[in-house]
Amino acid sequence: MSHEIFVIDDDAAMRDSLDFLLKSAGYEVRLFESAQIFLDNLPKYDVGFILTDIRMPGIDGIELLRRLNAVSDGRRSCVVVMTGHGDIPLAVEAMKLGAIDFLEKPFDDERLIAALKSALEHGSSKSDPLTADIAGRIESLSQRERQVMEGLVAGLSNKLIAREYDISPRTVEVYRANVMTKMKAGNISELVRFAIRGGMIRD
Amino acid sequence: MSESIRTCDLLKDCAPELLERAGIGTWALDLSRQNLSLSRTARDLLGFGPEISASYDLFLSRADDRDLSRLVAAVNHSFESGKPLDIQYRLRGGKPVRRVRIVGSVVNDKSNAAANLAGILLDIEKENQNEERERHLALILDTIPDAMIVIDQHGIMQFFSNAAERQFGYSASEAIGENVSILMPEPDRSRHDDYIARYLTTGERRIIGIGRVVTGRRKDGTTFPMHLTVGAMRSADDLYFTGFVRDLTEQQQTQARLQELQSELVHISRLSAMGEMASALAHELNQPLSAISNYMSGSHRLLAKSSDPNASQVRLALERASDQAIRAGQIIRRLRSFVARDETEKRVESLSKLIEEAGALGLTGAREQNVKIRFDLDPLHDAVFADRVQIQQVLVNLFRNALEAMATSSTRELITSNKPVDDNMIEIIVSDTGQGFDPDVLPNLFQPFFTTKESGMGVGLSISRTIIEAHGGRLWAENNSSGGATFHLTLPAATEKDAAHVA
């Protein structure tokens with residue numbers, strides 16, 4: 001697998017700045033202003049790693065993942081999606097479609113490089129030591145905590161989770177705090193990432 | 001005593017003449033039915049001239065066929081049983097039909113002791129007509145939804161209509177004879193007599209012929225808003241006042257409900273407009289902020305290899321600048337979650353009610369614009385699980401857009417319908433006969449800050465889509481065959497489980 005990073009984003013400044021950042025970290029970069037152009041050129045490249053925006057006019061990040069899944073070459077590539085403000089449901093959908101991680105804009109470069117490294121070294125993040133560790137954390141949850149976590153990851157509010165399991169919203173808050181502590185998650189995005197890497201969310 | 005005898009004789013002598021003068025005919029018929037005597041007035045009533053000799057057959061020939069056998073039977077019955085005769089019957093051929101009443105009893109002839117039947121004959125047409133007209137008027141009065149109350153100049157109720165009974169809870173028999181002030185709360189209750197007195201002395205009209213909204217008091221002591229108009233009428237020497245009362249309770253409730261809905265909507269749409277703007281801003285600002293952060297991080301990395309003495313300081317500065325860019329992103333994110341109402345109040349709601357209420361709010365002025373509005377709603381798919389205010393906001397928005405779009409159309413028709421679709425969802429379809437959308441507009445319709453209107457922020461449809469998606473549904477638009485636009489939205493159908501939560 002090549003160390004070339006395929007960046008797809010409709011925003012010119014985002015493309016240019018990612019080009020600059022990734023090159024500074026030693027990667028080769030190819031830029032595409034739309035998923036359509038990328039797909040049109042797909043046969044020409046040995047695509048290993050794709051970093052794509054999720055909300056784009058025309059073919060968006062989700063549709064791109066679907067199309068990649070439909071071609072045999074695309075299936076081998078690793079995709080990291082960039083989302084806007086805490087767009088959990090979209091991120092989860094992307095992960096279900098095979099994206100290995102998601103980054104919320106604006107993101108810390110360390111997070112980006114870490115995601116790249118892990119992807120490039122292991123082909124998929126699903127086999128790295130952290131994944132095993134996360135699976136252990138999920139194991140440690142009680143049944144109720146697990147249910148609450150599933151609700152949170154599905155983007156439900158406390159109130160909706162309370163309704164779903166017929167418990168009070170106050171109780172959900174307590175379970176929610178327990179979940180965050182046990183999963184060592186700093187925020188909901190991180191929890192979602194752990195849930196996906198730990199295999200909690202399946203296709 | 002002598003006087004009494006005198007008047008008694010007078011009566012004996014003059015009785016037939018007095019009857020004649022009063023328009024009442026007299027007659028006598030013998031048992032053989034051969035001889036019939038008729039007084040002058042009786043002849044007039046039956047239409048016989050003085051030259052015609054009366055006979056029982058002739059008398060019967062004047063009766064209408066429909067009543068003839070009844071009349072003969074009654075006469076025979078009286079002869080046989082000796083009981084009095086009293087029957088009304090119609091005269092033949094009159095237009096309008098005339099009715100007479102014949103009253104008689106068996107009297108014995110002094111000469112041969114044979115029984116005769118004798119009595120009076122009178123025209124009852126006039127009497128019946130008055131009764132009929134009165135009954136007719138009463139029926140008309142009963143159909144008027146407004147209550148009607150007539151009082152005399154002392155405020156005593158003389159007439160109390162059926163509607164008045166319904167509105168005030170008193171029966172007519174309870175109310176008539178009472179002072180009308182029992183129908184009003186204080187302070188009018190104790191002042192009403194003075195109001196009448198003032199009118200009678202000054203003639204100054206405060207309510208008569210004007211009409212005002214006042215408060216009524218029911219028998220059970222509860223009060224209600226009512227519109228009162230009063231008319232004064234003079235009958236002979238007496239003055240009467242007629243009051244017409246319309247109960248405004250329902251009207252005021254409807255108005256209050258509409259106002260409440262409207263203010264809720266305004267509040268929510270203001271909030272969601274802010275939320276949508278914050279959200280759109282967050283999206284727009286995140287891009288440059290991300291780019292800034294990326295440039296900084298890249299520079300920071302490159303400088304790691306530099307031998308410049310200032311490199312470490314510059315790197316530190318770049319790192320901090322990058323942190324600030326990320327912080328800015330977080331502030332926007334927080335602003336959005338602060339403004340956005342992420343907890344929706346979803347309940348089982350009746351779609352038809354949601355749509356009708358939204359119509360009341362969003363379609364005001366539609367009739368003046370000659371817009372035909374049709375709600376084609378399937379009652380079998382009426383229950384949805386939704387936040388009422390939010391969905392109404394969406395519908396009001398769609399309705400108003402449609403009205404605006406049809407302002408210059410020749411045909412103006414707005415149709416709203418519903419149907420069940422897959423995944424236990426209900427689809428609502430809003431179609432207008434406006435201008436539709438250009439092909440290049442359609443894909444951008446739901447983007448924030450996109451608008452085809454001269455004034456408008458372009459967040460309405462964007463908010464609407466956000467709301468519908470938060471309900472797990474979809475909102476999309478297309479052009480329809482009549483050249484207008486059709487909006488489709490889906491909402492989850494309410495399940496039994498939802499209903500249980502509501503209960």
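Modeller: Let us start with H8(A) and H9(A), which are oblique to each other. This is a predicted model, so please keep that in mind as we go. Two packed helices are described by the angle between their axes and the distance between the axes. For helix H8 (residues 143-153) of chain A and helix H9 (residues 158-165) of chain A, the axes come within 10 Å and cross at roughly 130 degrees. Why is that called oblique? Only angles over 145 degrees count as roughly antiparallel, and 65 to 115 as roughly perpendicular, so an angle between those ranges is oblique. The crossing of H8(A) past H9(A) is right-handed.

H8(A) brings Arg144(A), Gln147(A), Val148(A), Glu150(A), Gly151(A) and Leu152(A) to the contact, and H9(A) answers with Asn158(A), Ile161(A) and Tyr165(A). Sorted by type, the residues of this contact are four nonpolar, three polar and two charged. An α-helix has 3.6 residues a turn, so residues three or four places apart point the same way.

Helix H5 (residues 88-96) of chain A packs with helix H11 (residues 188-197) of chain A at an angle of about 20 degrees, and their axes are 11 Å apart. H5(A) and H11(A) are therefore roughly parallel to each other, and H5(A) passes H11(A) in a right-handed crossing. Here Ile88(A), Val92(A) and Met95(A) from H5(A) meet Ile188(A), Ser189(A), Val192(A) and Ile196(A) from H11(A). That contact divides into six nonpolar residues, one polar and no charged.

To place these helices in their surroundings, step back to chain A. Its secondary structure comes to 11 helices and five strands, and buried residues make up 53% of its 203 residues. Among contacts in chain A between residues at least 6 apart in sequence, 63% join residues at least 24 apart.

Finally, a word on confidence. The mean pLDDT of chain A is 82, with 89% of its residues at 70 or more. Among the elements of chain A, strand E2 (residues 28-32) has the highest mean pLDDT, 94, while helix H4 (residues 72-75) has the lowest, 57. Where pLDDT is low, the predicted coordinates should not be read in detail.

How values were computed
Residues numbered from 1 in each chain as written. Chains lettered and ligands numbered in written order. Predicted model: local features only at pLDDT ≥ 70, side-chain atom pairs only at ≥ 80, totals over all residues. Heavy atoms only, no water. Axes fitted to C-alpha atoms, helices over the stretch in contact; angles between N-to-C directions. Helix = DSSP H or I, 4+ residues; strand = E, 2+ residues; numbered from the N terminus. Parallel < 35°, antiparallel > 145°, perpendicular 65-115°, else oblique. Left-handed = near helix turned anticlockwise from the far one by under 90°. Contact = heavy atoms within 4.5 Å. Nonpolar A, V, L, I, M, F, W, Y, C, P; charged D, E, K, R; others polar. pLDDT = per-residue confidence, 0-100. Buried < 20%, exposed > 50% of the residue type's maximum accessible area, 1.4 Å probe, protein only.
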